[in-house]
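I opened the notebook today to go through this fold piece by piece.

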Amino acid sequence: MKDCCTQTHENKIAIDGRLLQYLILKSGIKNLKEFELWVEGKAQIQPLATPQTQPIQKAKTTKVELKPNPNLGEEGATKEELNYRQLLILYLKPVLDSTKKIIIKDDTTLQQKHVEINKLIENFIANVQRVVQTTITTRYNEGYARMEGYVKKAKYKLPTKPKEQPRLDTILMQQLMNVEDIGLVLRGKLRQILNIKAVHDFYEQTKQGKADPEKVKKQATPKANWTVCMKRIAREHPEWTEPEIRKWCEVFQYDEEIDKAVDDSKRRVDALGMFGYLESGKAGYLQAAVILALGITELTMKIPWVTMGDANVCPDCLDREAEGPYYPEDYPEDQHYGERCYPGEPVFFKGTLEEVWEYA
Ligand SMILES: [Zn+2]
């Protein structure tokens with residue numbers, strides 16, 4: 001009484017909202033009319049059955065939303081980019097769903113559980129790497145072809161595209177290694193959750209099979225030998241019974257930790273997807289410009305820096321836009337993470353270098 005309720009001067013008591021909800025639930029009152037009749041002594045209200053029949057609610061949740069963040073980077077992610085990132089993120093779903101099942105399996109050894117987790121992560125890495133490899137290569141080649149198209153339109157004869165594209169290889173290496181790293185970090189977290197649960201399970205096993213029927217029905221009273229989790233949950237849910245609290249700590253605690261681990265990986269996959277998607281198209285376009293400008297003696301071109309053009313564009317990017325256009329080899333790198341500025345349509349010059357300089 002002292003902890004939850006305060007007596008007011010009107011002889012009414014103010015109680016915690018959750019406790020009120022709990023009392024209504026347990027009392028079996030169906031509606032206000034029935035309650036009024038009960039107060040007048042004209043009706044009976046049957047309290048509901050034992051608390052064990054009540055479903056256990058999760059105290060709080062880190063909800064994993066396997067969706068790309070539309071606000072990642074500057075504004076203006078295209079639908080294609082978001083679809084791509086969504087596709088990558090969805091490969092986390094089997095990891096999330098299966099791990100939750102694996103961890104509470106009774107008929108599987110810890111070693112076998114680790115084998116299953118390893119397999120899930122291997123598949124995740126392989127699948128994401130496959131999609132990344134294809135998409136990054138395609139976008140690089142599309143960027144390259146777009147620049148070739150402009151040069152061709154300006155009536156220059158195109159040199160053959162070199163088979164070796166080290167700029168593409170570099171992006172691929174960055175992306176594929178990063179995917180592997182995301183997978184392995186996630187595996188490390190899941191291994192830790194699995195192992196810690198196994199270590200804790202040894203404390204729990206001694207208590208099993210000795211259920212005291214008196215204890216089962218009553219509200220739980222924390223004991224010294226309770227786990228930290230059980231003590232915490234008992235504080236958050238004073239109305240729960242000991243078996244309910246134990247059950248939560250056995251199952252949902254790990255559920256929540258798995259959610260957190262996967263959610264973290266999701267944010268990394270999303271960020272990796274955005275960077276790779278933007279950089280690959282830009283790199284192919286600029287690399288073609290460098291190669292064509294070198295390969296065609298009479299070709300001189302400059303490429304403008306184009307910002308998203310809205311109020312969110314930062315001063316650095318506005319400066320780069322104002323300082324352009326640039327020779328392909330002078331085109332500046334990204335000014336910050338999440339940038340969506342892009343190299344625009346090239347400007348071609350036929351004439352002396354002086355004239356070009358004048359333009360600049
Ligand atoms: Zn910027």
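Predicted model: local features only at pLDDT ≥ 70, side-chain atom pairs only at ≥ 80, totals over all residues.

**Entry 1: overall make-up.** I counted eleven helices and six strands in the protein. I then checked burial, and 28% of the 360 residues count as buried. Next I looked at how far apart in sequence the contacting residues sit. Taking contacts with a separation of 6 or more, I found that 70% join residues 24 or more positions apart.

**Entry 2: the cores.** Which residues touch the most other members of the largest nonpolar core? I found Leu92, Val95, Phe124, Val128 and Ala289, out of 49 residues in that core. I then asked which helices each supply at least two residues of it, and noted H3 (79-90), H4 (93-103), H5 (110-153), H6 (166-205) and H9 (242-295). H9 gives the most, with 18 residues. I also came across a second, separate core of nine residues, with Trp226, Ile233, Ile245 and Cys249 among them.

Setting aside neighbours within four places in sequence, I saw Ala289 in contact with Met147, Met301, Ile303, Pro328 and Pro346.

**Entry 3: H3 against H9.** I looked up how these two helices meet. Their axes come within 9 Å and cross at roughly 140°. Angles over 145 degrees would count as roughly antiparallel, so I have H3 and H9 down as oblique to each other. The crossing of H3 and H9 is right-handed. On the H3 side I listed Glu81, Tyr84, Arg85, Leu88 and Ile89, which meet Lys266, Val269, Asp270, Gly273, Met274 and Tyr277 in H9. Sorted by class, the residues of this contact are six nonpolar, one polar and four charged.

**Entry 4: H4 against H9.** Are H4 and H9 roughly parallel or roughly antiparallel to each other? I read an angle of about 155° between H4 and H9, with their axes 10 Å apart. H4 and H9 are therefore roughly antiparallel to each other. H4 passes H9 in a right-handed crossing. I noted Val95, Leu96, Thr99, Lys100 and Ile103 from H4, and Tyr254, Asp255, Ile258 and Val262 from H9, as the residues that make the contact. By class, this contact of H4 with H9 has six nonpolar, one polar and two charged residues.

Key. Residues numbered from 1 in each chain as written. Core = buried A, V, L, I, M, F, W, Y, C linked by C-beta atoms within 7 Å. Buried ≥ 20, exposed ≤ 12 C-beta atoms within 10 Å, placed from the backbone. Helix = DSSP H or I, 4+ residues; strand = E, 2+ residues; numbered from the N terminus. Contact = placed C-beta atoms within 7 Å. Axes fitted to C-alpha atoms, helices over the stretch in contact; angles between N-to-C directions. Parallel < 35°, antiparallel > 145°, perpendicular 65-115°, else oblique. Left-handed = near helix turned anticlockwise from the far one by under 90°. Nonpolar A, V, L, I, M, F, W, Y, C, P; charged D, E, K, R; others polar.
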